[in-house]
There are 2 protein chains.
Amino acid sequence: MTVSFEIIREISRNTTSKIVLVSLDGLGGLPDPLTGKTELETASAPNLDRLAEKSICGLADPVAPGITPGSGPGHLALFGYDPVSCNIGRGVLEALGIDFDLQPKDVAARGNFCTVDGQGIITDRRAGRISSEASAELIRLLDGMDIGGVKVLVQPVREHRFVAVFRGEGLNAEVADSDPQQTGVAPKKIEPLNTEAQVTADIANEFVIKAKNILAQHHPANMLLLRGFSQHPHLPSMSEIYKLNPAAIASYPMYRGLAKLAGMTVLKTGPTIQDEMSTLKQNYNDYDFFFLHIKGTDSAGEDGDFARKVDMIEQADRVLFQLIELAPDVIVVTADHSTPALLKGHSWHPVPVLLYSRWCRPDGIKKFGESACRSGGLGRFPAREIMSLAMAHALKLNKFGA
Amino acid sequence: MTVSFEIIREISRNTTSKIVLVSLDGLGGLPDPLTGKTELETASAPNLDRLAEKSICGLADPVAPGITPGSGPGHLALFGYDPVSCNIGRGVLEALGIDFDLQPKDVAARGNFCTVDGQGIITDRRAGRISSEASAELIRLLDGMDIGGVKVLVQPVREHRFVAVFRGEGLNAEVADSDPQQTGVAPKKIEPLNTEAQVTADIANEFVIKAKNILAQHHPANMLLLRGFSQHPHLPSMSEIYKLNPAAIASYPMYRGLAKLAGMTVLKTGPTIQDEMSTLKQNYNDYDFFFLHIKGTDSAGEDGDFARKVDMIEQADRVLFQLIELAPDVIVVTADHSTPALLKGHSWHPVPVLLYSRWCRPDGIKKFGESACRSGGLGRFPAREIMSLAMAHALKLNKFGA
């Protein structure tokens, strides 16, 4: 059982102790059939291993056993939020992914350019995957419309994909997609899902008609589809819940956006792991919680590149030495989900967790890896309990009840 | 945390991969004090052991730690249903147990013949446990009454026990038992538990009065008691939830009935394990999920016959070789509950689980047994998560969230 935010809020206290949560994105893996060892078990990671000796380890399920998490649910769970009830809409996530400065009342939708025939029937939902350059040119034609006082901001994502953000008063994201998710039919009229969303649906439909006229001569991208209309989820911030002053260090925009949703201050950083570690060192005195996100492990897993994932873990391990030298009170090393190179994608396998603190009850694990974590002192547990465990080990939680 | 059916329904996908769920009924046991080994650990089961080497194992609680499940909750949990909120009424379960073709609007009750004295006071709640043959003769006198347009179907179960099914329009199962569960008092009038159930209560009471008159001269079975009035629970089907085309192979009617409640197609089969396996082979191409129920383990446990339970496990193991040859994508071997021979009945002990898939993260277990499963990669978990784990390992679940 995981305790509620109400209880954590009641018992959490502000102290000078420091917590660093390292997310090695997609860290969990599957064994190479030849060696029987996962990516993490194959890597030479002496710093992680030395840390493991003084830590308590375990295996965590980001969402639930058998459920493969997207990056959103995976990270929200690490920050302590219920990844199911706090699920974030596709439009918002896409906006976060391009570092778009989403405002609380904005409604964001994910957009696709598509191809329609003379009768308006969709023949290609991705407009032949037009290049990012060609897409950007069309987006310039669509960006900045004013429809009845509502501004429509259109920003490129990649190839045929873009984000459309509706900014104005009284908007409501409860509208259905225009994207029918199949060819051979016309795009759907955007329908309100409740009466409060009628205005938003009308504006979105008007935007689609205007865009259609503008795009008419730009075959194959002569139409667009919108889906995943959503708004900022308004999560309680980590400072409200945990009385922390939290900061995020992430070189990829999506993770900066997720950290912002949790109320973290996002620190400016460079693209490499060393850049991120330098940012941590420079800002170490100013915050009591750091979320450090390392992307390379996941990308290598997604590419099915076992050796590169091993290499990324080894790179991270070398840099982690500097973190250990800073001597934070609690270090957690884990992941938002597994990305086994063998599966070339996110998977449902539980993630290895290492929690270092001078107050942990060590469990005899001497090497950080999935097999070893199976017999760790944390057992198998929901990832959203990591935050209360970290808080406890940093002596930031008062007694519950008398 | 177990995710809801809404989420599973959203992320499940239909694929060609196949799942076989084997329930060795009552498999879990307790160690023989002389050897320290359970029935499963005593059995020579080379096929299960070889499978375990390529599997992930664990211990599952069918309902919750400390709770001994009946066959209903035990199996519903294996099919992924919450065994507490989906609890099935005693009348319905009894009807399923005799292969009665229960209709959606039927109200079923469990019946007992009993003995009453001249003042109508119960002196024996089981009518001296009259023989099944004597009972069947009396049931013929009661079966088929028409009471105000409602048909009352009475069918024998065993000894003094029978099922009474009320079939007609507007029936409601929310009525109290007539069985006071003690001697020295009169049977209770059947009371409606809400206003919609008044008609049903009236009809049931009229049936009891008519039956009493018919039985008057048949001491010791000169009266009857009814309890557990219930209706078909209308569970969402496994094809709705999981997009599966599921089939059940079970030689005992109760388990066919439970599978039917979950929307499985029940395949005709013979009484032996080999019959069941042959049925599986003949139908292998036509379904993507098979529930294979093996009863002998439980019966031996109920009889307190440790050696026979070991023998049943060995018999099942020999037949399982043919299943392994079929090479389904996922094989789960587990049980609906434990039935330790030492306890001569169902017990609360968690059940061993083996999940084979080429995508599992193996856990080094080389012998399938309760002790080994304790350190398995699945840990200790609720049995109702078995289905989402099986679906994940068959690559039948999409990512949750982006």
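Select P220(A), which is found in the loop between α7 (198-215) and β8 (223-230) of chain A; helices (H or I, at least four residues) and strands (E, at least two) are DSSP runs, numbered from the N terminus. The peptide bond joining H219(A) to P220(A) is cis, with omega about 10°. This is a predicted model, in which local features need pLDDT of at least 70 and side-chain atom pairs count only at pLDDT 80 or more, while totals for chains, interfaces and linings use all residues. Residues are numbered from 1 along each chain as its sequence is written, and chains are lettered from A and ligands numbered from 1 in the order in which they are written.

Go to chain B and select P220(B), in the loop between α7 (198-215) and β8 (223-230) of that chain. A cis peptide bond joins H219(B) and P220(B), and omega is about 10°.

Stay in chain B for two loop residues. R129(B) sits between β4 (122-124) and α6 (132-142) of chain B. Its phi is near 45°, a positive value in a residue other than glycine. R129(B) has 14 C-beta neighbours inside 10 Å and so counts as partly exposed. A residue is buried if 20 or more other C-beta atoms lie within 10 Å of its own, exposed if 12 or fewer, and partly exposed in between, with C-beta atoms placed from the backbone. Next is Q181(B), in the loop between β7 (161-167) and α7 of chain B. Q181(B) is not a glycine, yet has a positive phi of about 60°; with 11 other C-beta atoms within 10 Å, Q181(B) is exposed.

Now show helix α10 (residues 273-283) and helix α12 (residues 306-326) of chain B. Their axes come within 10 Å and cross at roughly 10°; axes are lines fitted to C-alpha atoms, for helices over the stretch in contact, and angles run from 0 to 180 degrees between N-to-C directions. α10(B) and α12(B) are therefore roughly parallel to each other (angles under 35 degrees count as roughly parallel, over 145 as roughly antiparallel, 65 to 115 as roughly perpendicular and the rest as oblique). Residues in this contact include M277(B) and L280(B) of α10(B), and V319(B) and L323(B) of α12(B); two residues are in contact if their C-beta atoms, placed from the backbone, lie within 7 Å.

Return to chain A and select helix α3 (residues 46-53) and helix α12 (residues 306-326), whose axes come within 7 Å and cross at roughly 45°. That angle makes α3(A) oblique to α12(A). On α3(A), P46(A), N47(A), L48(A) and L51(A) meet D317(A), L320(A), F321(A) and I324(A) of α12(A).

Then pick strand β13 (residues 351-357) of chain A, where 7 of the 7 residues are buried, so the strand is largely enclosed by the rest of the structure. V351(A), V353(A), L355(A) and S357(A) point one way, and P352(A), L354(A) and Y356(A) the other. Strand β2 (residues 55-61) of chain A pairs with β13(A) in the antiparallel sense over 6 bridges, A60(A) having V351(A) as its bridge partner. Strand β12 (residues 330-334) of chain A and β13(A) also pair in the antiparallel sense, over 4 bridges, and I331(A) stands opposite Y356(A). Two strands pair if DSSP finds at least two bridges between them.

Last, show both chains. Their contact takes 27 residues from chain A and 22 residues from chain B. On chain A, the elements giving two or more residues to that side are α4 (71-78), α5 (90-97), α13 (370-374) and β14 (379-382).
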